Amino acid sequence: MRRMIRSYLALTPFLYRIVLFVFIPIAIIAMQQLFPMEDIVLCTFFITLIMVFAEILMDYWLFGGISTRDGAKLEYLKTSNYGIKLMKNALTINMVRQLIESSVMTIINIILFLVLNQGESLRGKDVLVSTNLLLLEYVVVVMLLTVARFFDGWQVNMFISYAGVILMLGGCYLVGKYVIIMFVLLVVLALLLSALSINIALKRVRECYYDKAA
Amino acid sequence: MNYLKILQSSGVPIYQQISEQFKEEILAGKLKQGEYLPSIRSLAKDLKISVITTMKAYEQLEAEGLVTGVQGKGFYVNAQDSQMLREQHLRKVEESLMEALQAAKIARMTKQEVFDMLEALSQMPEEKS
Amino acid sequence: MEMANVIEACNIKKKYKGFQLDVPKCNIPKGFATALIGENGAGKSTFLNILSGIRLDYKGEIKYFDEQEQNVDQVKERLGYAGPGNYFLPQWSIAQIEEVSELLFQTFDADRYQKLCQELGIGGGDNRKKVSSLSDGNKMKLTLAAVLSRETQCLLLDEPASPLDPLMRDKLCEMLHEYLEEGNGERSVVFSTHNISDMENVTDYCLIMEHGNIVEEGFVEDLKEKYILVKGEAKDAEAAKSILYSFSGNSYGFEGICLAENVDKLAGMDIQLETPSLCQISVAVMKANTNLKFS
């Protein structure tokens, strides 16, 4: 596990960490406080929406274009037996990190909401819908990143992040309406997509050892 | 060995320059019997020449019986018995004289003239080389 | 002295559109520096990629370190490949490469890496600098620093000299000499180069490639005996042309490389013989085998 986290950290530049772990969370929570919303679910939706945007854009910094055919970029990793494993570890940790980061922000937000709005209480449905939104965010991000990594260019990530926002807007309606069904569906999707995403990325990396011709 | 001189464009192959200089040192007794020559790779590094060149130089010394190569350890100086040493020097004198005689032939010098010249030369104070 | 081989390649074949790498047999001597020389597109990089195990779609067999193990994965820790272009991910920083390398290679020595970065003046002491912001020369230096910070037994370097300035080329030769010396016969270097004269003082063995084939190989000292540089007068040019291996002439005289075995045929001409440099030999061999037409 330590080695897995080290693999992830080794691939993340210092500035990336600052932006992702300090700047974005603080900015989101601050914005929530500046424009207080009346509803927990609405707050969570706001967080997940922004995070979809942020995650897809930030990913270009880390894994931008790793699934393109231009495998020459990964030459150094290819010279080591641990290269593909390092990639796999980093991709896995990144997905876990993504889920945890959004969750933690949501929890902080809910606590702040409850503290600042005395008298409000946490309803079961709010928690469930928030969880659904987090899962939805995860699924959308994982799915779109798998596609985005096939292209090298931040404009592509930008474009795809818009698609993510649209998916979120459509998804949030379903998530609120069919709470239980969507929860089960999203958990299954999250697990499937995680495995698929890593496998696709690694398959492409492995293919760098070969040429398409011949 | 604390002095080695390589001329890059002298026309004489570099390996030959090296082996000649080692040969002189050995024949002069400056490199003692049993002493190891610098390893081929460290000599190559110091002289900034390729490993194969120093190796060829050492192999030539080995072929002349001046050193012996030991796999994995390097080359050490053989015992130079005085008889052999003398022979080496005699051969050198012979070679030089042959050369001189050929030149004399071209210059149509008589035998006596050559002897006289040799006599005169040996009277001269020894030149520092 | 008996020669051991660090790499023995057998029947290596690799096809591209309009190009085929075909190396029936190639032995690279252990304990020496081997230069891979040839025109652009002769197949040097492809060959090095295959040897270093970062390109796996080829036919043939490669044996490393004279051992039974046939899988390149088992020897990758001991091979040090360095190539031009996008060797590292462009967004990595100098410091990050250190972290990544520590994970990738068991023998990576972070202190040595830092020392080398400093010694070679990469990034001007700023370890946050990204690979994408470095010049080609500095990228190559960084690549070399990473690969030389490990305990390897065979370096495979693709065009290490090309992006470097003359001072750094000298330093590169020095580092390769040091690498070989420290290995005391156990370490070998293979590099491809266009800068033959700059690298000549660290070239022991030489492979000359043309259109995916090895057209000449041998120890440099042997090649220098096999080929002789001939210079002569213009009046003999026509007669000499048919005997010489490579020929270039003008109104003042001619110059060419002659196979040592054919030198006798030049008897009677007013010629001068010289030992050619590796560069002169290589150019002659390449000219004799190239598809390009010289006027």
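Which element gives the largest share of the lining of the largest pocket? Keep that in mind as you load the model.

**Before you start**

This is a predicted model: local features need pLDDT of at least 70, side-chain atom pairs count only at pLDDT 80 or more, and totals for chains, interfaces and linings use all residues. Residues are numbered from 1 along each chain as its sequence is written, chains are lettered from A and ligands numbered from 1 in the order in which they are written, and side-chain values use heavy atoms, with hydrogens and water left out.

**Stop 1: the largest pocket**

Select Gln8(B), Ile14(B), Lys224(C), Thr275(C) and Pro276(C). Of the 30 residues that line the largest pocket, these are the closest to its centre. The pocket has a volume of about 710 Å³. A pocket here is an open set of points on a 1 Å grid over the protein atoms alone, where a 1.4 Å probe fits, with protein on both sides within 12 Å along at least five of seven lines; lining residues have an atom within 4 Å of a point. Grid points are joined across faces, edges and corners, and the volume is the space filled by probe spheres set on the points.

In chain B, take α1 (14-27) and α3 (51-63). In chain C, take α8 (220-226) and β10 (227-233). Each supplies at least two residues of the lining. Helices (H or I, at least four residues) and strands (E, at least two) are DSSP runs, numbered from the N terminus. The opening question is now settled: α8(C) gives the largest share, four residues.

Colour the lining by class next. Ala, Val, Leu, Ile, Met, Phe, Trp, Tyr, Cys and Pro count as nonpolar, Asp, Glu, Lys and Arg as charged, and the others, Gly among them, as polar.

**Stop 2: chain C against chain B**

Show chains B and C together. Here 21 residues of chain C are in contact with 16 residues of chain B. Contact means heavy atoms within 4.5 Å. The buried area is about 1,700 Å², and carbon and sulfur atoms give 56% of that. Buried area is the accessible area (1.4 Å probe) that two parts lose on being put together, summed over both.

Zoom in on Lys45(B) and Glu181(C). They form a salt bridge, with the closest N and O atoms 3.1 Å apart. A salt bridge is a side-chain nitrogen of Lys or Arg within 4 Å of a carboxyl oxygen of Asp or Glu. Across this interface the rule finds three salt bridges.

Next, pick α6 (166-183) and α8 of chain C. These are the elements that give two or more residues to the side of chain C that touches chain B. α6(C) gives the most, with six residues. By class, that side has seven nonpolar, six polar and eight charged residues.

**Stop 3: chain A against chain C**

Of the two pairs of chains that touch, A and C have the most contacts. Chain A brings 32 residues and chain C brings 31 residues. About 2,900 Å² is buried between them, 56% of it from carbon and sulfur atoms.

Select Arg6(A) and Glu102(C). Their side chains meet in a salt bridge (3.9 Å, N to O).

**Stop 4: inside chain A**

Where is the largest cavity? Select Asn94(A), Met95(A), Gln98(A), Val141(A), Val142(A), Leu145(A), Arg149(A) and Ser197(A), which line the largest cavity. In a cavity, the probe fits but cannot get out. This one holds about 40 Å³ of space. α5 and α6 (124-148) of chain A each supply at least two lining residues. In all, the count comes to three cavities of 30 Å³ or more.
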